[in-house]
Amino acid sequence: MDGAGVRRFGLGSIPWIGAILLWYAVRWSGFVNLSLIPAPHQVAAKFFELLTKEGLLIDIFASTRRVFFGVALGILVAVPVGFLLGWYRPARTFADPMINFFRALPPIALIPLVIVYFGVDEVAKLVILVYASFFSGVIVMYEGVSQITPLYIRVAQTLGANQAEIFRKVIIPLTVPHILTALRVALGVAWATLVASELIAAQRGLGAMIQNASTYFLLDVIYVGIICIGLIALIMDMILRKITARLLVWQDRAIA
Amino acid sequence: MTKRAQFDNVSLSFETPKGRLNVVEDVSYDINDGDFIAVIGPSGCGKTTMMSMLAGFQKPTTGNVLFDGRPVAGPGPERGVIFQEYGVFPWLTVKQNIAFGLTLSANRVAAGERDAICDHYLGLMGLSDFASSYPKHLSGGMRQRLAIARAYAVKPQFLLMDEPFGALDAQTRSNMQNLLLKVLETEGKTVMLITHSVEEAIYLASRIVVVTARPARIREIIDVPFAYPRDESIQERPEFGELRSYIRQLVMDEYRAQQAQMRPASFSE
């Protein structure tokens, strides 16, 4: 690691150290009943216990897989739909109110209906995540696509491009940044929705683990679950940002 | 001389909430092969609309815009367009930008030839060192040079330029004008240039079309008495100064007429 890398790493870790210190400070302040706040080292110990004895990895895998497929399917649909809405004004007038109606519904409110129509197995959880990813992604896509300037299309026309070439060589490259942003937003929303989706009688998964722990008042397990969700979401976002940086080297960014 | 482009009693108007707006009115003139026409007039007068009809982005309401004797049906690679906003593709490198037109089915060439054409224009436009850079690393002048190189690469018979140097600083602008003269000398192209700079029009063009305040009609067509190749020394000649004062006066008249039109109705433009 070079000097700048060390610096960035240092800057990035300060808030984490601060958060852990604050956590201890709250415990030591005496204002809160100690049994209500497990200490960071206790949570860490619990983490290793769950990891080695209780199969925490299976929960992590189950949740990550759900989020992955939920986002993948949601975005797969959101990209063409968002594109159509952004590109064709009549399509927007036609579908915009309805999209905003469904977007406003919290996924958790749909769970009883999802159970009725899709049962309680894996499909039901996936439906919730796809729903959440689709509606967050579709908005990003169509806002982005509707802002594509017609200048580049005109330029391509004057160079002799036909409709198919304009689509393939101009519109697709201009759409890629919006697809990546939609993916990032949807990933965040999907993790946020995960616990709700695993309320549906999940056996395994981080959300299920938190649900079960709350029944038995195992606060340390709840903390482990929450921290795992946050960390995995963070890692996935970092991977996506790396991919974005690789794909969009051409973009003029304010922050490198 | 062969007529490349013809404006034949061309008018363009459209409906607005406030009534019918005439943008171009009864314009007729020919552009011959090898001509360098500069169209000059007050801003917002409709001169860009003229170019836009020849480029194929807009259709006349009445009259005909002809290219090589046929009515213009839409944009095409035989009429290259240079936009004021450059329009270089930010997702392609400099070289890929120049090659863009050559990869299209309308003017596809073999990869080897494509490379040779790119290298030729990279050199001509002084962009060789930036062949693999992205446009975000280029200055305004370099971006416009890239746009010109890209337009030239598909060998258009005609070049339409819409205030191409309008966004550049004075020094870059004058460099670009000299470069354009040099390129025209070697590549030989028929040009229609839209500009609001009288000096630019005289320095570059063989004929100047002075356009009235909106709706755009032809006020006067003036032959520029300087032979090509030209260099900056012609700007010191007394004829240059006389022509400049004369055209300036015409343009100022039209500018005032335009101001009078706009007052007090709105400040919309």
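**Notes on the two-chain model**

1. Chain A first: its secondary structure comes to 10 helices and 0 strands. Reading from the N terminus, the elements go α-α-α-α-α-α-α-α-α-α. Keep in mind as you go through this that the model is predicted.

2. On overall dimensions, the C-alpha atoms of chain A fill a box of roughly 70 × 55 × 35 Å along the principal axes. Chain A has 256 residues, and 31% of them count as buried. If you look at contacts in chain A with a separation of 6 or more, 73% of them are between residues 24 or more positions apart.

3. Now the domains. Chain A splits into domain 1, residues 1–37, and domain 2, residues 38–247. Taken over C-alpha atoms, the centres of these two domains of chain A are 28 Å apart. Where they touch, domain 1 of chain A puts in 6 residues and domain 2 of chain A puts in 4 residues. On the domain 1 side of that contact in chain A, you'll find 5 nonpolar residues, no polar ones and 1 charged.

4. Next, the contact between the chains. Chain A brings 15 residues to it and chain B brings 23 residues. Two helices of chain A, H7 (151–158) and H8 (163–197), each supply at least two residues of the side that touches chain B. Which helix gives the largest share of that side of chain A? That would be H7(A), with 6 residues.

5. Over in chain B, have a look at the open sheet, which is built from 6 strands. Their order is S6-S7-S8-S3-S9-S10 (chain B), and the pairing is mixed. The edges of the sheet are strand S6 (79–82) and strand S10 (218–223) of chain B, each of which pairs on one side only. From one strand to the next, the twist averages 15 degrees.

6. Strands of a sheet pair through backbone hydrogen bonds, either parallel or antiparallel. So which way do strand S3 and strand S9 of chain B run, parallel or antiparallel? Strand S3 (residues 36–40) and strand S9 (residues 207–211) of chain B run parallel, with 4 bridges joining them. To find the pair on screen, pick B:Ile40, which stands opposite B:Val210 in S9(B).

Notes. Residues numbered from 1 in each chain as written. Chains lettered and ligands numbered in written order. Predicted model: local features only at pLDDT ≥ 70, side-chain atom pairs only at ≥ 80, totals over all residues. Domains from an automatic or database assignment. Contact = placed C-beta atoms within 7 Å. Nonpolar A, V, L, I, M, F, W, Y, C, P; charged D, E, K, R; others polar. Buried ≥ 20, exposed ≤ 12 C-beta atoms within 10 Å, placed from the backbone. Pairing = 2+ DSSP bridges. Axes fitted to C-alpha atoms, helices over the stretch in contact; angles between N-to-C directions.
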